[in-house]
Amino acid sequence: MDVKTAFLHGDLKEDIFISIPDGFNKIPNMVCKLNKTLYGLKQSPREWNYKFDSYIKSLNFENLESKYCLYVKKGLNPIDNIYILLFVDDLIIACKSYEHLLYYKSKLLSQFKMVDIGELKYFLGIEIYKK
């Protein structure tokens, strides 16, 4: 899955002001206060990660202490486990159950604008194939 405009999902925890953008009536000494993150802000990646982390944990996923970007939802049997790997704005979802896969994709799609780019073929320059 690919999250569209991921860095625009973050909520700012601090006050950040910018000059009024071109195209708007500029009033001397007037600035704009940002309510949400924008691309280019150094806070944007962290705030996006907080937003994703809090949402995925609300679905009862836990991230591993050794790999904070890997989220696991344990099933009754290990075969029922669901894994979600987050890399910036890309997700890999892995599980044995196609129904679980569709269910969690729909949950993520309801929260974030995403594109399902299909079956995993390449990730970080590594070719992935099934036996």
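What follows is a short exchange on salt bridges and a surface patch in this predicted model.

Biologist: How many salt bridges are there?
Modeller: A pair counts when a Lys or Arg side-chain nitrogen is within 4 Å of an Asp or Glu carboxyl oxygen. By this rule the count is 7.

Biologist: Which residue does Asp11 meet in a salt bridge at 2.7 Å, N to O?
Modeller: Asp11 sits in the loop between β1 and β2. Its partner is 25 residues away, in the loop between β3 and α1. The partner is Lys36.

Biologist: How far apart in sequence are the parts tied together by Asp15 and Lys33?
Modeller: The two form a salt bridge, with the closest N and O atoms 3.3 Å apart. Asp15 lies in the loop between β1 and β2, and Lys33 in strand β3, so the parts tied together are separated by 18 residues.

Biologist: Is Lys105 buried or exposed?
Modeller: Lys105 lies in helix α2 and pairs with Asp116 at 2.6 Å, N to O. Buried means under 20% relative accessible area. Lys105 has 16%, so it counts as buried.

Biologist: Which residues make the nonpolar surface patch of about 270 Å²?
Modeller: Patch residues need over 30% relative accessible area. Leu38, in the loop between β3 and α1, has 36% and counts as partly exposed. The patch is made by Leu8, Leu38 and Tyr39.

Conventions
Residues are numbered from 1 along each chain as its sequence is written. This is a predicted model: local features need pLDDT of at least 70, side-chain atom pairs count only at pLDDT 80 or more; totals for chains, interfaces and linings use all residues. Side-chain values use heavy atoms; hydrogens and water are left out. Patches are made of residues with over 30% relative accessible area and no salt bridge: like charges are joined within 9 Å, nonpolar side chains (Val, Leu, Ile, Met, Phe, Trp, Tyr) within 5 Å. Accessible areas come from the Shrake-Rupley method with a 1.4 Å probe; for residues, only the protein chains shown count as cover. Helices (H or I, at least four residues) and strands (E, at least two) are DSSP runs, numbered from the N terminus. Buried means under 20% relative accessible area, exposed over 50%, partly exposed in between (1.4 Å probe, protein chains only).
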